[in-house]
Every structure is written in structure tokens, then in C-alpha cells.
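Student: Please show me how to read the pairing between two chains, and then the rest of their interface.

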Amino acid sequence: MYTCLKVNDFNVGGAQIIVYDNYNPYRVAYQSDDDFSIRAGVYHVRSQTFQFVFVSPAPIPYVDIYLQSPYLSIENELHSITIPIPNGTGYYAVMDFQRDRMSTTIKNQSGGVKWFASLETTLQALEFSDEPEPTPQSGVVVTAIATPIQIPESSQGVVVWCNAKMLNPYGLGGNSEPGGGDGQFVNPTDPIQLPALPTHGVTDFIKLWNPSSADMVRLTELLFTGNVFTQAVRDLIGQPIDYIVSLGIVPVPLSIGSVSTPFVLAHQSAGFNMYGVAQQYMRWSCGSVKVPPYWNSFLDFEPHTSIQLYLPFIGFRDVLPSDIVGKTVTITYHLDVFTGSCVAYVSNEDTILYQHNGTCLSPIPFGAEQMQNLVSGFTGLLGSAATAAAVLTGGFGAGIAKSILAGSVIGAASSALSLPEHKTQHGGNAGSTVGLLSSRKPYFVLNRPRQAVASSQGIYSGFATWYTVESFGQLDGYTQVAECHLHDIPATDWELQEIERLLKEGVIF
Amino acid sequence: MVHLTLYKNLSERIKVDKNIQTLGTIEGTFRGQADVLEPTLVIKGEFTNQCNYFYVQEFGRYYYVTRTIIIANGLLELHGAVDVLMSWKAGIEANGGIVGRQSTQYNLYLQDPLIHAYQNAMVGTLEFPEGFTTESYILATLA
């Protein structure tokens, strides 16, 4: 019984394939030349099993093993097995051509399936019945054991050849591909309008009033004396003060009815009228300004110019000069007069670009305990009564202004005159009571560079530009060429290089 | 033997099309080997400090005078270095490319690393026309 092996040509230099005949494992049935130039042919092995050892001096990422049996009339059918081989020594990739391990099928001339095989891709120890393991040689070793199954002796034959390929070791991660450059060039300009005020609030459950100063006096009499509610009423409703949810000051005229209505507490009339607040949510406009460019150059924009926006009841916030300069900016507030929450919308032309929130209600405690709670709670956080009011804003951030790199060469990445950036704090949060004490109108703080341009600087060094010119003869004056590919000048190589160097350093046309 | 045209050049070294005044033509011979790019020529004539530029007809190139050595018997040794800008002016002007700095065609919105600034920046303020000018008491009660 013979097993036939046919080995095709290989094309990897320095590698070898060695075929062992398991009939005598120490008998080398075939050994290729060092340059892996194995000639095609049929090699007979005198056993039902055979091994071939694939040796390479350099790591080979994988080996394709092709099996073909001309005796079974496979024709052009190739059965390849790709085994990833680790980059190292001492490991063996084993192909065990047993019945349940190979998925390759080979049919004989009559069409019947003669050889079932499945690919075993995990590493296995080399399996020998009673043969010693072959000594691994340098590089990577592949050993295969093939056991033909159900192949009639008369048609038995196995053809094996290998193609070894040197792969990109990073190939498992995919190779590079060209891409990009197919942008849609569509810059969306959807106008972002002011949102509508909420439709649901507290007024169905809580009554909002706009007391006058005189009403405030009457309120104290109601809450702290027995002159308004009789004892019988007090016995019925309990303490009137328990029905006060909140009292405070807001910085807007409230939307009130045309006439005042009887003031009631716990459904008990207090005997005097007060104006009720019709709307919990309000919109308040601070108008528009246009921020003109000063230099009308790159100096008007970040990072050379910095702009901070002061928003009443919010504080200082950074804005990008590119959003503001040359644009008409509008500020509109949405306020909740019950909670005191406010949102400032900063619009550029017709689009909201910024939105900041704060607190515009200055609470009035109606008891010593409330006042103590207000102050002590905040001083406990900050350790200072002076800063307590700032905590009423719900946070303790600070607007930060950033001054420009004044005195340096603007745009130079590594100028000897460069100075570190300065971060300047223009103020803390301006919410709640602090807001009442602060400026009530929004304003910009514009920090701009004071340029130092020498007279006739353009003549001596030009100004920045970036465009393609068809012929330099069209230009006049100082010119620095960024890129050029000189042609049609019959000068020597040195001269051409010199011309290019001079053009890039600056010439005068 | 080569044919020289002597000039007085008053233009900037980086000027492509130089403003040159002809002083005269003369013949010269090479001192040693002929270097097209840095020739050394011997001419017969009186020294003049007006001549700082010359043209060699056979080389088709213009040269700066780098050295003038007075040799005896009315001979001058003229050392030159090629002016590639003037020599290849036509070819240079016919070429094109991307311009990075220019004295008359520029865009001030581009970052310019050669623009300096003083240390004392300008600070300005711009106030909005409207604000919060009133105050109101607000009382919230359980109905």
C-alpha cells in the first residue's frame, strides 16, 4: 500500500518541506532544496500515513496546504487548508486528516465521496503512535499527519503541496486603504429658535401673588398677630404661616391681572386684596448688539481675542469670538418666577448658540430659623458668610477670562518672546441676591491684542496668503513661495535647487 | 576667450529682474578651469568699483562679482557667482506654484506668524440696551 505525495513548486526562499514516510519515520521521503524550489512530481510513501514537515528560517504567518489526489479524479478541485502559525518556535500546527477532522471531500470517478476531512485549527501536540517527535528546526514547523480513509487500494493516492506566503504581520488587523475626500460640503444652517414657554406649572396647585409694600405689612400682621384670623379660624386651619410656600424678590414686573382679588389663605379670606400673578413663566428680552471687528483680521478671533459675556443672575461666561465678532447678538431670558430659575439664550443672528442658567429669585426668609438655615447651610460649605450668597446660585463656579499672548509674535508656536497664558477671573456666579446687587444688564468684555506691525512690513516680509498662481510673472513685490515644482528651466541641478530655495525664502518680482 | 558685459547692479539681491546699468563689454579668459557657476576670469582693464555684476555670453548667465583682484600690467582677475534669479528669470516667471506670503495679494484672516503684538492688550466693554430694571415681590401660598 502506497501513499502518493505530489509536491508543487514553492516560492519562499530558504524554507523547506520535508516529507517523512511513517513506514519508517526516520526515512526522509523527500527533502526540498534550501531555496524551497521543490519540483513538481509524485512521491511515493510506503504507508497509509505520512507526515510532512514544513520548515522556514523566518516566521511564516500561515501555510496553505493543498491536497489533491489524481487517482480520484478530482480534476481542478483544490482543497486548501489555511493554518495560522504563531511567530515562534516550539509550536506545531497539526493537520490531522482523520475522518472527523477535515471538511474536505474528494470524490472518485464514480462520484462517490471517498475522503472526509475537517480542518483542525487549534494547536495540538504532535501525535505519533510510536515514533519520536521530529526535532523542530529553526523557524516554524508544520507537521501534518494524513490518514486516508476509505480509499480503495487501487485508487489510493494523495497529492500534497504547499504554498507558503510571507504575510504582512499586521495583516490580521487589515491593511490600509485609501479614503476620505467625499464630503457632502453641506453646512447645516437650521435656525434654532427660542423654545416656547412651558404650559404646565404650579399655578393650579399653588397661588402666586404680587404683594405691594403695603401688602407685605398686612401679611406680617396676618401671620404674626391674631388681628386678622380669629382664634376659631386658627383652630380650624392651624398656623397661617404653614400655608406660605415662599416669599422673595424677582427682577421683573410680574404679569398680574387688571384688578386685585381677595387674598385668601387656606381658603380663608384675609380681608384685603392683592394682585395675583397670572403667569409663572416669562420671557424677558435684553435686546441686541452688534460686535464689530476691530482689526478685521485673524487678530479678531480666538486665540488672539477673548470675549466674556456677563449675564445678569448668571455671571461671566466665555464665548467664542468667531461666534460673536461681526454678528448681531441677542439675549433673551426665560424665567420661572416661582422657583427663580432663569435661562439666558444667546442668539447669533437667528440661531441660539449659547444657553446658560442661573437663579433670579432673592428669597426672603420669614423667620429667624429660615434665615439661619439659609446662611449657615452655605457658610458650612464655604466657611465664609461673605460667599454664602454665591451658593444660592446652586453652584460656585466662576467665569474665567483668558488674556491673549500679548507681547509675543502671534501665531508663532515657539517664539522666544512667548508668554504663558493668563487666566483672569472677572467674577463669580451672580445668582439670587448677588444678582440683585450686581449689574442688571448683559455686557461683553472684549480682550483684544494691540498689534505691532512695522511700517512697510509688507514690502520686506509680505503678509500671509495661500493661493495658487499660474505664473509667478503675474506677481509684484515681495513673494514667498510655499510650494513649486520648477520645470522647463534648462539650468543645472544646483541652480534649480538654488532657485527653489530663494523662492521659498522670499524674492521680489 | 569669452565675451563679458559689465554692469552696475543696484537692485536687491533677491530681486528677480534686476535693474542693471551697462558699463561696457570686454573679452576675458579663464584662470584655470572654467567653472560655469563660479567663474574666475582675467580681463584687461582699469579697476572700477562701479562694476559689481557681469554677464558671460557663452554661458548665458549673469554673475555677481565676488572678488576683484588687480594683477599687474592692467589685468584684473574677476571672480563671480551665478545669479540664478536673473539668469533664469524667464523660466522662473513662467512657472507657478502656491504662494505663502505676498506684499500685495494677501488674506488677513490667515494666521500670520510675523505679526507682533504689544504686551498691553486692549480691553473693551459693550453693553446690551436692555436689562432687569425693576423688582417685584412674589408670594407663593397654598391655595
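Student: In strand 9 of chain B, which residue is the bridge partner of A:L446?

Tutor: Strands are DSSP runs of E, at least two residues, and helices are runs of H or I, at least four, numbered from the N terminus. Two strands pair if DSSP finds at least two bridges between them. Here A:L446 has B:G124 as its bridge partner.

Student: What should I know about the model and its numbering?

Tutor: This is a predicted model: local features need pLDDT of at least 70, side-chain atom pairs need 80 or more, and totals for chains, interfaces and linings use all residues. Residues count from 1 along each chain as written, chains are lettered from A and ligands numbered from 1 in written order, and side-chain values use heavy atoms, without hydrogens or water.

Student: How many residues does each chain bring to the contact?

Tutor: Contact means heavy atoms within 4.5 Å. Chain A brings 126 residues and chain B 63 residues.

Student: How many salt bridges cross the interface of chain A and chain B?

Tutor: The rule takes a side-chain nitrogen of Lys or Arg within 4 Å of a carboxyl oxygen of Asp or Glu. It finds two across this interface. A:E495 and B:R61 form a salt bridge through their side chains, at 2.6 Å, N to O.

Student: What is the pattern of chain B along the sequence?

Tutor: Chain B reads β-β-β-β-β-β-α-α-β-β-β-β. That chain has two helices and ten strands.
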